[in-house]
Amino acid sequence: MDFNLTKQQEMVRKMVADFTENEIKPIAADTDRNSEYPADTIKQLFRYGVMGMIVPKEYGGAGADDICGAIAIEELSKQCASTGDIVATHNGLCCGPIIQHGTEDQKKKYLPMLTTGCKVGAFALTEPNAGSDASKGTTTAVLDGDHYVMNGSKIFITNGYVADIFVVFAMTDPSKGTKGISAFIVEKDFPGFAVGKHEEKMGLHGSPTAEIVFTDCIVPKENLLGVEGKGFNIAMQTLDGGRIGIAAQALGISEGAMKEAMDFTKSRVQFGKPISKFQNTQFKFADMEVAINAGKLLTYSAAAKKGTGARFTKEAAMAKLFCSENAMKITTEAVQMFGGYGYTKDYPVERMMRDAKITEIYEGTSEIQRIVISSNIL
Amino acid sequence: MKIIVCVKQVPDTSGKVAVNPDGTLNRASMQTIINPDDMNAVEAALSMKDETGCEVVVVTMGPPPAEGMLRELLAMGADRAVLISGREFGGSDTYATSQILAAGIKKIGIDKDDIIFAGRQAIDGDTAQVGPQMAEKLGIPQITYAAEIKKDGDSITVKRMLEDGFMMIKMQTPCLVTCIKELNSPRYMSIGGIMTAYEKPLEIFDYAALKDDPLIDLDTIGLKGSPTNIFKSFTPPQKGAGVMLEGADKNTCAKLANILAEKHVI
């Protein structure tokens, strides 16, 4: 068992860390305050091959392994969880299922668009009445000659109003329940596709979340991803991979908040000494350090297992559950250490605390992770 | 056409600076970075590669761990790397270093339309001597302090920055240019570059590989071949708070002139 990162993985960390420090840290507060999609950052991340990094070389990507993918999300999220989210969604939830389930023609057409073509990807599963219970979706796709006609709407879609390419789940046979769900690759320019309401959220203000609406949307038959009726399996497999991304994002948020809190408590003097000198503060940092390191082991080992081709459902759920709950705890503690300053927007920890909350909710709530984990062991 | 870029691994002086008892830098105990001006040289080469498709070769002299730095430059887009490394080269000053680097560059080969880029100076020694010395020893023209570089057939036009202005100079290739930070913003490594960095060629030139070059003699390289000796090294005392004079009237000016005269500045 080798716990060391490879030279490439170390280099990816260094590259993304440098990029984050120089290009993202200076704008992270404004990105949040103005709810502004960081278009220029994403353009740069395409240029440097971070967007679509896990796509094989022959389709325009870098062919990076899943640990590299997790490290990139972690480093970005140390300063800006919104950027981490945009990249995690693009890589894990849009490129991921096309790499895994796409036909050769689909991969040749869409993966270069999602890498060198600088087109942003998204994933559309959730509906107003189908959240954790994804089987209750009512969006339908009816085959009509050489195309499907899609009707319905999807909500809370990350990258919703900036993406060009969507992996969408719709009922092709509502009578069959989850076995009647199919997956499709949908372009935003397909007739009948529209972006609906833009969501205003507690956190992740830089991440563009929107409703998308299909009104007799024409989806060519060849854009069926996988086979008819296998959409639910594709969604679940995709979310397994996506959860590693969210675990990495939560890890990054935790590390970013802990770093801020350490810097602050070393310089903040109360009762005649820096508050980092109080044992209460020190013990909290010790607990954060343990949680972050344990989270890294869970996340990287889930990514390593994904890379071997073995089933990693439980590992991804454990990593996501552990890292997201710790991100919430650690950012809350960080705000507490800052005292009144932590509650203001002059310091980044309140943003990190708001951003952390979603990691316990999206791509399966903590409750769903516990169901996934227990159903894999009982 | 190819571009050879000379780079140096230097101690990160933004961290803690450690000094040996003999006054030299304790490099082993310090984090290393790629010399900042050299990054501008690398970027200049890579952007010329983007334009012309030329080959970019990065060269450094240093201990074996300097390979890590070269791999990072390959991940940024350089095509191949040369590490000049050997015990015989240790302790070299700028004179000896330029002997060795020039011999290394000759071994790589300089063709008619090749260009050599270097950083203006390294943040450890701050001498700005190695670039110009290499050009002399290679017998090629040089321009220092480049803030703009334009390639134009078999010549390049360089904006050479001076303290109080600039010169525009046209120079025939092959030639050497030293670069300053105003020249460009260095790019990052790319993920694709990182994935292939360890597949790209990296050659090691040791003493045996270079010893037949007339520039290489045990008396012209290493500590023995270095005319520079460190006489004394010290941390300059912190300057006290300055005196502020306000106003632009005659009295204030006279007062300022008096103070400067007392200190023999004027």
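**Figure 1. Helices and strands of chain A.** In this predicted model, chain A carries ten helices along with ten strands. Buried residues account for 53% of its 378 residues. Looking at contacts in chain A with a separation of 6 or more, 74% of them link residues 24 or more positions apart.

**Figure 2. Overall dimensions of chain A.** How does the radius of gyration of chain A sit against that of a compact globule with 378 residues? Chain A comes out at 21 Å, and that agrees with the globule, which would be near 21 Å.

**Figure 3. The domains of chain A.**

**Figure 4. Where domain 2 meets domain 3 in chain A.** On the domain 2 side, 14 residues are in contact with eleven residues of domain 3 of chain A. What classes of residue does domain 2 of chain A bring to domain 3 of chain A? Nine are nonpolar and five are polar, with no charged residues on that side.

**Figure 5. Chain A against chain B.** Zooming in on the two chains, 14 residues of chain A make contact with eleven residues of chain B. The chain A side that touches chain B is made up of nine nonpolar residues, three polar ones and two charged ones.

How values were computed. Residues numbered from 1 in each chain as written. Chains lettered and ligands numbered in written order. Predicted model: local features only at pLDDT ≥ 70, side-chain atom pairs only at ≥ 80, totals over all residues. Contact = placed C-beta atoms within 7 Å. Nonpolar A, V, L, I, M, F, W, Y, C, P; charged D, E, K, R; others polar. Helix = DSSP H or I, 4+ residues; strand = E, 2+ residues; numbered from the N terminus. Rg over C-alpha atoms; globule rule 2.2 N^0.38 Å. Buried ≥ 20, exposed ≤ 12 C-beta atoms within 10 Å, placed from the backbone.
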